[in-house]
Amino acid sequence: MLDEWYEAGDERFVDEVLASRSPAKLKSLAAKWYADARPFARTALFAYLDHGLATPDHRALVKGLFKAAESAKDDEAMAHFLVAVDRVVPRQLVSFSRYDWQTRQVISGQALVEDKSIPSRAPKKKGSRKEGRVEYGPLASFSRATRRYLQRRAWRYFRFLGHRDPARYGKAIRQALALYRDDHLVKPENLLDAWGLMHALYWGASADVQYEPKVAPVLKRQPRGITVADGFTLKALVPAPFCPKAWKGQEEATLDLVLDAKSRTVRAWARQLLERDAGAYLEKLPMARVRELLKSAHDDVQTFGAARLKTVTGVESLPIAEWLELLALENPEVVPLVCEAVVKHVHPDRLTLSQCLELTLSKAASVAELGLGWAKQKAVRDAKDLLALAKVAKASAPAVRQAGVEWLCQLLLINEKESRPEHVRALLDSPHADVRVKALELMKKDPRFGESELLWLALAESPWPEVREQLVLELSKREKLYAPETLEAVWAAALLSVHRGSRAKRAVAAQVAHRVVTHSKEAERLLPLLAHLLRSVRPPERRTALAALARASFEAPQLAEQVKRLIPELSFVSEVVS
Amino acid sequence: MNLDVTYYGKSGFSEGPSGNALAFQPNLSRAKVFFDQQLKHPLRFREAISALHEVVVGNLKFQKKDKTAYEAWKKQHDAEEAEVRRAVHDQAKQTELARLAKEPIPPNLEADFRRLHDVYWRERRRWASELSQNDPELFRHLVPCDPVVTVAPDVVFFECFAKDESSYGCLYVDRDAFVGQGAAALGTTNVDYSLALYEHFQNLRTYRPTRLSVDPTGFEVKVSGHSTLREEKIDLPPSWLRGFSQIQGAMGLPARTVELSPDVVYSILATLKRKREKTGPRSLKFQLSPGKAPVVVMEPWGTALQSRGAAYVGEKSEDIKVWGRRRLLVLSRLLPLAEKVVVQLLGSGLPSIWTVHLGEMRFVLALSGWTENDWTGGAALELLAGDLRPEPRAMDSLAKHLATVHTAKLGALSPIADAPREVLLGSLYALAKQGQVIYDHATSSYRWRQVMPLALSESLLGEEPPEIRAGRELARSGTVKVVREELLSGARRLVVAKADATELEGILDADGVLTKAKCHCAHFKKFGLRKGPCRHLLALRLAGRRDAPVDSVVNRLKEWLH
């Protein structure tokens with residue numbers, strides 16, 4: 001399948017290679033694969049390298065590919081190799097404590113220990129020693145010594161490149177740095193294990209290097225890997241890249257690295273380098289670049305971009321749609337800075353009422369406040385504007401919602417000509433209880449709303465218990481508004497409410513009894529509602545139902561037959577006596 | 001099991017000039033399913049789907065007190081002590097590691113893996129519970145709560161399984177509940193679901209015509225890397241899958257059908273809302289007498305509720321107890337709309353299926369025997385289905401036929417299976433357990449519904465614990481003999497028995513739960529009751545079920561088959 005998928009350019013080829021455990025077959029593939037000019041082969045090669053180089057029985061293939069890439073001076077492939085080999089010698093940070101007999105104290109500390117599952121060297125073969133030569137036994141994957149050698153050799157390629165051609169080195173190393181991912185550098189020890197990365201970023205932070213400007217010697221480079229020098233922590237590291245010439249005057253490329261790097265470590269390093277060495281460049285950063293930073297998927301880059309907003313150039317010409325897009329960011333560190341810039345550079349006249357109201361719906365309170373503040377400055381001309389204003393009832397920020405609804409209620413009361421019951425209905429349907437309370441108050445305050453059929457009909461459909469209770473208490477006065485089915489639904493919801501509404505149940509029972517008397521045709525459907533209440537486990541509910549049924553039967557004796565049929569367990573005293 | 005889901009945007013409620021739409025985003029990783037029609041009774045749908053939401057978020061498992069602050073202090077305190085011990089420990093660890101490196105792979109590696117896997121899932125669930133309170137958005141990514149929607153020729157139905165793995169909810173909406181003609185592609189898919197969607201449901205009103213749609217847009221614009229395309233991998237825990245498959249299987253098993261009037265359900269819910277029981281039994285006892293309306297007794301208060309619905313049709317009088325009754329509170333929103341409530345009872349301590357008829361909609365709430373999705377329920381169900389024989393050939397032909405016709409009654413399926421009745425039922429039971437088929441009690445028909453893109457095989461569900469397997473075999477073989485039974489205080493029972501020549505004794509409380517036990521087997525000596533009862537105690541409980549002897553259940557099954 002390997003050859004078949006390779007020839008066909010099938011995507012499954014890489015998985016098949018990774019699954020293969022045939023060193024001979026894989027070895028024969030190396031030269032052919034590397035020389036293949038098809039885009040498929042190149043993509044597959046990088047995907048294979050990104051997977052890692054620790055796959056058992058792949059030593060020959062890795063060596064073949066490495067040598068081919070190195071001799072071809074293939075910067076791109078070597079960048080992938082550099083990232084891959086930086087992950088092959090994992091160490092573990094462990095805490096230790098030991099007793100010092102001289103000071104009679106327990107000394108605690110931390111140390112990097114090797115991964116014991118990786119053999120340090122291949123075992124020597126016994127009995128097959130040729131003259132003057134030691135033979136080694138087979139190993140499925142690279143020994144630790146070979147891994148370290150691969151790390152050094154991959155970095156050597158870039159080091160030599162830096163000496164020969166700093167410009168090309170800069171391009172190649174930036175390409176490599178962008179390939180490191182956060183999952184490669186999860187722990188601090190992963191960073192120290194990355195031989196190539198540490199040299200590329202912090203070459204000057206080692207005591208054995210003369211570096212200008214002088215930086216703290218935080219690192220110790222040893223044959224067994226990099227460690228942190230005594231008295232220092234990784235926090236003290238500052239950018240000290242290898243081949244400083246390659247970075248000088250490359251602010252644009254460094255900023256691209258901030259945008260493109262997949263690892264937070266690399267992004268942070270590039271940001272620090274720019275802030276330290278390219279302050280003037282950052283101050284004059286055009287808005288187009290800042291916008292790129294703000295739109296990044298990474299929080300740290302967004303924050304870096306937001307900090308540039310204070311000095312950015314060309315911000316005045318930014319279209320309003322772009323500003324709105326920036327205000328939609330969800331980074332809590334960035335939003336206040338963007339708001340500050342918006343207040344400084346955007347005049348409220350550039351936004352429509354609808355856009356201001358969209359801002360009030362933002363989860364970020366500062367954006368919502370800004371939107372409401374601007375909306376209040378707009379002229380509310382007609383009923384359409386008022387209906388649009390009802391959006392504030394959906395605002396997530398409670399303070400903004402409260403202030404917005406308060407303002408809307410005032411407008412509805414003042415603009416007698418333009419305000420409509422539909423505006424209040426939008427508030428009544430709000431998912432927020434505080435808004436619904438305001439709407440109910442509005443109905444009490446203004447008879448235009450208090451007597452509106454539309455609103456009373458809307459109350460009957462509300463799923464919110466406090467709204468329905470309000471309706472039930474007033475229902476006896478407004479029965480005529482409703483269809484019999486609507487009334488039945490409202491009463492059923494009140495009587496069979498499990499969670500609340502015992503006071504409403506009393507009122508509803510009386511209303512049902514009255515309805516049964518005045519509309520005897522509906523008795524067949526309404527009496528079962530009272531029957532449900534009569535059969536309730538709660539004595540107060542039973543008493544309420546009994547009183548309602550007795551009243552109905554007394555006022556309309558013709559119902560007695562129906563009551564008897566629908567509620568057979570009920571017998572009236574008068575019947576028993578007679 | 002990893003379930004791949006891909007959604008185009010989020011489900012939600014949109015307001016437009018041509019009306020509103022409640023649009024569910026289907027899983028683009030599955031076959032194309034869509035639906036779009038206007039709701040005739042939006043309010044009824046609102047109440048029903050809100051009840052379904054209650055099932056989705058339902059979790060009545062015991063919640064432990066939050067001791068985070070105390071734990072933090074204790075951790076710091078322990079760290080200081082641990083520092084002292086660490087040196088010794090590290091040395092011992094190195095020695096042990098060096099020794100282990102030379103040894104071959106231990107034979108109990110698989111068992112250890114399962115044990116640690118259980119530990120992982122227990123912690124994961126605890127964390128998810130904490131997240132559900134503090135960070136619902138993150139919680140949504142961890143907990144499988146996306147409902148499954150099926151568009152069938154006659155109905156559209158939504159299904160969900162509670163996060164405590166004990167309740168299953170299904171809302172059937174007949175196609176008559178929609179106005180006009182609409183496009184539809186039949187099939188089953190997951191739909192994107194979030195807690196915020198509940199608020200959108202509350203927007204449904206009659207004065208705002210609303211379309212219900214399973215939005216097909218995503219299928220047309222499906223482009224890898226599209227900004228609104230969300231791809232997720234949901235790791236479904238084996239217990240969730242096993243619980244789901246058990247409840248699906250249970251729904252197709254023969255059961256006693258009881259009709260309750262809404263006032264009885266109201267009284268049950270009102271009592272549960274107002275009273276909190278301090279001691280057991282905490283069951284609902286159904287007193288069934290042929291020709292009479294059923295009576296439901298709420299224990300421990302002894303409140304008897306006489307149903308005014310249809311009389312019970314059965315051959316003999318019996319009492320059936322079901323537990324975990326607080327899960328019924330999800331029905332509270334449906335009561336005002338309920339025409340009748342039909343309950344299918346499989347037996348005491350076994351799942352019960354509550355169907356609320358709401359005109360052109362039906363809400364089905366299936367409850368496992370206990371609030372905990374426990375082992376005995378599963379084992380007892382297997383016993384109940386013991387006489388049913390699934391056959392691969394019949395399963396295959398039934399699956400093919402149902403996939404074509406989407407729904408069929410048992411009579412129509414009989415010639416397709418071309419096998420004896422117990423094979424037919426066994427094959428359908430097996431298909432239901434695999435999540436391929438669902439039994440609709442209201443129409444007495446089997447529906448084709450693939451809950452997952454693939455059948456839930458035993459390998460996906462994980463192997464059943466060996467003690468349960470062995471316990472079930474013991475109970476089935478009839479080697480459990482009760483030597484002595486004594487009534488103790490507080491309605492407890494002491495049972496002394498012999499199972500497969502092993503002596504054992506146990507104290508069962510009023511709910512039939514083993515509170516204390518003793519067995520002479522190696523498993524009990526090693527673990528006690530910490531890892532659940534041993535096979536002998538399990539067999540005793542299964543065989544000696546006080547309220548629903550296994551024999552009677554099996555006999556009833558035989559009666560039903562012939």
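Me: How many residues of chain B are in contact with chain A, and how many of chain A with chain B?

Reply: Two residues are in contact if their C-beta atoms, placed from the backbone, lie within 7 Å, and here 23 residues of chain B are in contact with 18 residues of chain A. This is a predicted model, in which local features need pLDDT of at least 70 and side-chain atom pairs count only at pLDDT 80 or more, while totals for chains, interfaces and linings use all residues. Residues are numbered from 1 along each chain as its sequence is written, and chains are lettered from A in the order in which they are written.

Me: Which element gives the most to the side of chain B that touches chain A?

Reply: Helices are DSSP runs (H or I, at least four residues), numbered from the N terminus, and H8(B) gives the most, with eight residues.

Me: At what angle do H25 and H26 of chain A cross?

Reply: Axes are lines fitted to C-alpha atoms, for helices over the stretch in contact, and angles run from 0 to 180 degrees between N-to-C directions. The axes of H25 (residues 453–461) and H26 (residues 465–478) of chain A come within 9 Å and cross at roughly 130°. In H25(A), Trp456(A), Leu459(A) and Ala460(A) meet residues of H26(A), including Val467(A) and Leu471(A). By class, that contact of H25(A) with H26(A) has five nonpolar, one polar and one charged residues, where Ala, Val, Leu, Ile, Met, Phe, Trp, Tyr, Cys and Pro count as nonpolar, Asp, Glu, Lys and Arg as charged, and the others, Gly among them, as polar.

Me: Which residues is Val338(A) in contact with, leaving aside its neighbours within four places in sequence?

Reply: With those neighbours left aside, Val338(A) is in contact with Ala306(A), Leu309(A), Leu326(A), Leu327(A) and Leu329(A).

Technical notes: Helix = DSSP H or I, 4+ residues; strand = E, 2+ residues; numbered from the N terminus.
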